[in-house]
Amino acid sequence: MAESEGFPLVEPGLWVERVGDRSFPAGRPALFLDRDGTINLDTGYPDDPAQMALRDGIAPVIAAANQRGIPVVVVTNQSGIARGYFGWDAFARVNERVVDLLGEKNALVDMVLACGYHEKGTGALAVADHPMRKPNPGMLLEAGRRLGLDLKRSLIVGDKPADMEAGQRAGLERGWLVEGKGSTMGGLSVLPLRDAADLGGLLTAIRSL
Ligand SMILES: [Mg+2]
């Protein structure tokens, strides 16, 4: 069984890990972040912790949320698990490295959710359009239930339109798209995250929550 391996798998393809012991009153908004390509440089199905490196400017974003008492929640699609490129053990090592790199910059993550389902998977992980896989909002909704979040006021940062769509479908109103363009997606305003001015806007939004 997955649980016997010591990993926080609530089902074969869903990792839900509470990191650290910071507690939050109900009704807080969260800062949701995609992982690969948003927090760390995307090396393509990363499975080697030694290759992980942070993207410039992301640690201060997370630290600003920490200072404001905003829970920081990582929501990451990991179809490499379903595809058999690597296992949850490699995911665990890579993710621990990312969390440690952030910690070195005083940026703390409070929860990590990872979805290992994909239609091209095998066995129990072969699920097309799983509700937990972005652009579906399942991981955000699950974090919302577990932390008692105010999703409407929560923010999401990602590098793919699927990240923004997941935010929109979870009821968020603001998202930042790495190297993207501004747009409106249903009730979600998408802002670009391309330069220092964009980063400043995101920091201001976090400090204003
Ligand atoms: Mg990404």
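Before going on, the ground rules. This is a predicted model, in which local features need pLDDT of at least 70 and side-chain atom pairs count only at pLDDT 80 or more, while totals for chains, interfaces and linings use all residues. Residues are numbered from 1 along each chain as its sequence is written.

Back to asparagine 106. Its phi is near 55°, a positive value in a residue other than glycine. Asparagine 106 sits in the loop between helix 3 (88-104) and strand 5. Helices (H or I, at least four residues) and strands (E, at least two) are DSSP runs, numbered from the N terminus.

Aspartate 129 is also not a glycine, and it has a positive phi of about 55°. Aspartate 129 belongs to the loop between strand 5 and helix 4, and it counts as exposed because it has 10 C-beta neighbours inside 10 Å. Proline 135 lies in the loop between strand 5 (111-115) and helix 4 (138-147). The peptide bond leading from lysine 134 to proline 135 is cis, with omega near 20°.

Now the sheet. The chain has six helices and nine strands. An open sheet of nine strands runs in the order 1-2-5-4-3-6-7-9-8, with mixed pairing; two strands pair if DSSP finds at least two bridges between them. At the edges stand strand 1 (9-11) and strand 8 (183-185), each with a single partner strand, so one side of each has no neighbour in the sheet. From one strand to the next, the twist averages 20°. Axes here are lines fitted to C-alpha atoms, for helices over the stretch in contact, and angles run from 0 to 180 degrees between N-to-C directions.

Strand 8 pairs with strand 9 (residues 188-193) in the antiparallel sense over three bridges. Methionine 185 has leucine 188, in strand 9, as its bridge partner. Helix 6 (residues 196-207) packs on the sheet, touching strand 3, strand 6, strand 7 and strand 9, and its direction makes about 135° with that of strand 9. Touching means contact: two residues are in contact if their C-beta atoms, placed from the backbone, lie within 7 Å.

Which residues touch the most other members of the largest nonpolar core? They are Leu31, Phe32, Val73, Leu113 and Ala143, out of 56 residues in that core. A nonpolar core is a set of buried Ala, Val, Leu, Ile, Met, Phe, Trp, Tyr and Cys residues joined through C-beta atoms within 7 Å. Leaving out residues up to four places away in sequence, alanine 143 touches Ala30, Val73, Met111, Leu113 and Leu149.

Phenylalanine 91, in helix 3, counts as buried because it has 21 C-beta neighbours inside 10 Å. With the exclusion of residues up to four places away in sequence, phenylalanine 91 touches Gln78, Ile81, Phe86 and Ala114.

Last, the whole chain. Buried residues make up 44% of its 209 residues. Of contacts between residues at least 6 apart in sequence, 63% join residues at least 24 apart.

Notes. A residue is buried if 20 or more other C-beta atoms lie within 10 Å of its own, exposed if 12 or fewer, and partly exposed in between; C-beta atoms are placed from the backbone.
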